[in-house]
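Please go through the following briefing with the sequence and the coordinates side by side.

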Number of protein chains: 2
Amino acid sequence: MKNDILLKAAAGAKVDRPAVWLMRQAGRVLPGYRKLRESVKDFTQLVKTPELACEATLEPVHTLGVDAAIIFSDILVVPEAMGLPYRMIENKGPWFENTIDSAKDIDNLKDGTGADWDYVLKAIRLVKKELNDQVPLIGFAGSPFTIFAYITEGTGSKTFSVAKRMLFSEPAMAHRLLQKITRTTIEYLKNQVREGADIIQIFDSWGGVLGYDTYNEFSLQYIAAICDELNKLVPVIVFPKGAFFAGAELNKLNCRAVSLDWTVNPEEARRVLKGKTLQGNLDPCMLYAGKKAITDAVNRMCDRFGKQSYIANLGHGLYPDTPADNVKYFVDAVKEYSR
Amino acid sequence: MKNDILLKAAAGAKVDRPAVWLMRQAGRVLPGYRKLRESVKDFTQLVKTPELACEATLEPVHTLGVDAAIIFSDILVVPEAMGLPYRMIENKGPWFENTIDSAKDIDNLKDGTGADWDYVLKAIRLVKKELNDQVPLIGFAGSPFTIFAYITEGTGSKTFSVAKRMLFSEPAMAHRLLQKITRTTIEYLKNQVREGADIIQIFDSWGGVLGYDTYNEFSLQYIAAICDELNKLVPVIVFPKGAFFAGAELNKLNCRAVSLDWTVNPEEARRVLKGKTLQGNLDPCMLYAGKKAITDAVNRMCDRFGKQSYIANLGHGLYPDTPADNVKYFVDAVKEYSR
């Protein structure tokens, strides 16, 4: 690998500067992606066409100079493969025609065996060939609870009260669904690794709607099951958005790195997550500010996390209206950081 | 005051059981309210008609047996009084026709002097008369940042990226707007106290979208300014939803109580918020479960917070589809708690 600084940082090996990439670096703000997006009828067509997904994956490596590519895809590939097709509605988010609300619905879901996610695996093969070991490739999946939240609710939600209603009123049924999603996700990620993914990130986008006494039961234990299977193959990064309240439990995960949102204080994270590489956590809205403000914020962030066992990133995905120049300032500021 | 257990709990005086009320107890799930709501064209008409607001305020005192009334109103009364009318769109939330995005917009806003919030004050007078010192009356306002978020964004948002763009790209302008909202809010709350509000709650519903290094600057300092003026008149409860990451700073607030969402661990809250009365924090989705599950959850919560200096409540407002019977189970379980 020509540039293996991300893998070194994940492993806790000594590096000269923090590694850097951005969540949503592929498929949001870059001009090449915008042209790609205009050339097709919808987002899912990009996800399902390996040549286009490959192009979207590579653009940020070339134009931003990030230390890793992340496969252009979507966390909802997993429920789709389980038999729940969805549409991505512009400016709204995902929408499932059928949702899960009974034991029979759960029985009807396919699991990993024979699931159709070949288009993702083909995109990974193309990317690996094009990348030619320039930088590592990040594979990913949603956490089981995050997928559960979408397929019970049917769409995004401020409260996910439909999803949570099932947790609290039908806990045994909820666990059965979470187990099925977990098995499928493990199979999916193993396939990604087999095709060449060098490192895996698990996005627990919605675990933060749970609480201090329910997060462990309904989200973390299933993330732990995935980590136990995957972290022996490649390093695993877990992103528990909005769930740092579970800090001490997160530290017990069999993963190499924890990604933090911007509400987390770096010193506190270092204290609680001893031995983990930390990733994050600039507020994506900071990229609306000017060049100097961005550089200052990056320097302050790197000072606080420290250069070792650290991957500079945002605290969430890039927002769609972020100026592309500012994204480049962010990456450059990290690469120039040397304190 | 016939039942002053809430005021005693807020003051840290000895009580025989935890005090109890629920955020959104007035104006969501009770049958009387639903009839009231059907009798008018929209939510704001209820807010602006003192006799109807009074009726909605009193219903939960009579039917649920809670230890306090909270005036039926809306946090957006303040921006409305500053010259920004809004509509409450069913199942969507508030919507402002005009938003604030320039220095001139800020200049054009009225401040507290001559603001039209008389309908709220009249409702408070009616309620105080009807209550006849049965239980205390809670007055309230949104935090300045929460109001700022709505009037810059124009509506609710998952990210409040428009609001945060102003914070990070035009911080001086943002502070000028926050100051103007703060002055107006202090005036508004002083008026509520003058008419008889016995205790005040400040709802920082959206401060949690800020981060560990921006919350203090853009939200907490303005809440502190309100506390400094109000807590010498009546006890103040601050509800920093999703912002417990600022725990140590919250503890410095000149307020009597801090209300916690369900992501906060009770033992951790007692450790960090020494000397404060704590309020909260059952996940509102627990009220979808059965009677036994609710009672168990209430007992566990009261065990963990302890009976003294504690006000049992939800970790957020009641969700609209909560069964009214389950709300009653919640209140009864607290009142029967005696460990």
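Predicted model: local features only at pLDDT ≥ 70, side-chain atom pairs only at ≥ 80, totals over all residues.

Residues are numbered from 1 along each chain as its sequence is written, and chains are lettered from A and ligands numbered from 1 in the order in which they are written.

- The interface brings 21 residues of chain A into contact with 21 residues of chain B, where contact requires C-beta atoms, placed from the backbone, to lie within 7 Å.
- Helix 9 (residues 161-169) of chain A gives the most to the side of chain A that touches chain B, with five residues; helices (H or I, at least four residues) and strands (E, at least two) are DSSP runs, numbered from the N terminus.
- By class, that side of chain A has 11 nonpolar, seven polar and three charged residues, with Ala, Val, Leu, Ile, Met, Phe, Trp, Tyr, Cys and Pro counted as nonpolar, Asp, Glu, Lys and Arg as charged, and the others, Gly among them, as polar.

**Sheet**

- In chain A, eight strands form an open sheet in the order 1-10-9-8-7-6-5-2 with parallel pairing, two strands being paired if DSSP finds at least two bridges between them.
- Its edge strands are strand 1 (19-20) and strand 2 (69-70) of chain A, each of which pairs on one side only.
- Strand 6 (residues 199-204) and strand 7 (residues 236-240) of chain A pair in the parallel sense over five bridges, and Ile200(A) stands opposite Val236(A) in strand 7 of chain A.

**Helix packing**

- Helix 7 (residues 118-131) and helix 10 (residues 171-195) of chain A pack at an angle of about 25°, with their axes 9 Å apart; axes are lines fitted to C-alpha atoms, for helices over the stretch in contact, and angles run from 0 to 180 degrees between N-to-C directions.
- Helix 7 and helix 10 of chain A are therefore roughly parallel to each other, a term for angles under 35 degrees.
- Their contact is made by Leu121(A), Ile124(A) and Arg125(A) of helix 7 of chain A and by Asn191(A), Gln192(A) and Glu195(A) of helix 10 of chain A.

Key. Parallel < 35°, antiparallel > 145°, perpendicular 65-115°, else oblique. Contact = placed C-beta atoms within 7 Å.
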